[in-house]
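This report covers selected elements of a single model. The sequence and structure come before the description.

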Amino acid sequence: MTPDGTAPEAAARQRRSRHPGHRLRLRARAVLVLAPLLALVSLYPAPVPNAGPRLGSLLETFQPWLPLAAVPLAAVALWRRSALALAACALPGAAWLIAHGGALLADEDTPYDLTALQHNVSDVNPDPAGTARQLAGAGADLIALEEVVPAALPAYREILSPGYPHLAVEGTVALWSRHPLTDIRPVDIRPQDVPRDWRRGLRATAHTPKGEIAVYVAHLPSVRMSPASGFGTARRDESARYLGRAIEAEETERVLLMGDLNSTVADRGLAPVTSQLNAPAGALAFSWPASLPLARIDQVLARNAKVAHIRALDRTGSDHLPVLARIRF
């Protein structure tokens, strides 16, 4: 026994645990575990549970940024001078390239049949006329807007109508088109606990030179973060289910969905919609927030057509960036 009554083996372990080198070795081992785990989650976040605070949806929304968590792990590896731990920190970067590297090689000259512009213009946009002029300059065939408040609608109509004579409006969502629109009707995506004047969905048939396409414009409920409920997606997920049912029942062969879906296409909460439609492969084109874009929550998705390319445009008076997509039939 040692003078303090501790067994020699236990005393030796205590001395080792207090030694700085031992702590550094433990940290290097932690990096060897955490870095591959981070790479796995960056590639495949589906196993992360979504019960309670919706952690799975949160990770999927910001999935392209997850590998940045490897930076502090790499700092630990450098501090420990562990080549093995530092090599492990390269795995999340490799995972990012696998998942999103295709966006870096996207060909803007891909052939296309139609261009579609999606933009949440913001209900507090200080310059709707300037925003409309900027959007008209993009030369899209279809322009879908959300948060078009009644006071701003005349400004958008005045600027856009000369180039886009066909218009569909429902509540605060609108669709301007170069091509004739028929069979215009509302799409009820209202969550049950919001007022009945909440109208954020419409559907129209666009008669393009390449044939008919059913165009949906939707604005799903916003998501809020709070310490009590975490990533609050319940209303948005409910609205996504209603939208998914409408698209499933759509009889027109080709479908185009344009809207602010308040999440990325990777978010499992949007599965009722995204499971039926094609998204741009590997595309980033972050659209929100406009001041420092972190995610593309403004979407252009298609059925029996391909979103060949998508990119974010310059900032308008909104807190979102517009996105312009090229559609191939």
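Helix α9 has 16 residues and spans 23 Å from its first C-alpha to its last, close to the 22 Å expected at 1.5 Å a residue. The model is a predicted one. Within α9, the buried residues are R236, D237, E238, S239, A240, Y242, L243, G244 and I247. Their cover includes α3 (55-61), α10 (271-274) and the strands β7, β10 and β11.

The pairing of β5 with β6 (residues 201-208) is antiparallel and runs over four bridges. P186 stands opposite L202 in β6.

A separate topic is the packing of two other helices. The axes of α7 and α8 come within 8 Å and cross at roughly 35°, and the crossing is right-handed. The residues that make the contact are listed by helix.

| Helix | Residues | Contact residues |
|---|---|---|
| α7 | 128-136 | P128, A129, T131, A132, R133, A136 |
| α8 | 153-160 | A155, Y156, I159, L160 |

By class, this contact of α7 with α8 holds eight nonpolar residues, one polar residue and one charged residue.

Technical notes
Residues numbered from 1 in each chain as written. Predicted model: local features only at pLDDT ≥ 70, side-chain atom pairs only at ≥ 80, totals over all residues. Heavy atoms only, no water. Pairing = 2+ DSSP bridges. Expected span 1.5 Å × (residues − 1). Buried < 20%, exposed > 50% of the residue type's maximum accessible area, 1.4 Å probe, protein only. Contact = heavy atoms within 4.5 Å. Axes fitted to C-alpha atoms, helices over the stretch in contact; angles between N-to-C directions. Left-handed = near helix turned anticlockwise from the far one by under 90°. Nonpolar A, V, L, I, M, F, W, Y, C, P; charged D, E, K, R; others polar.
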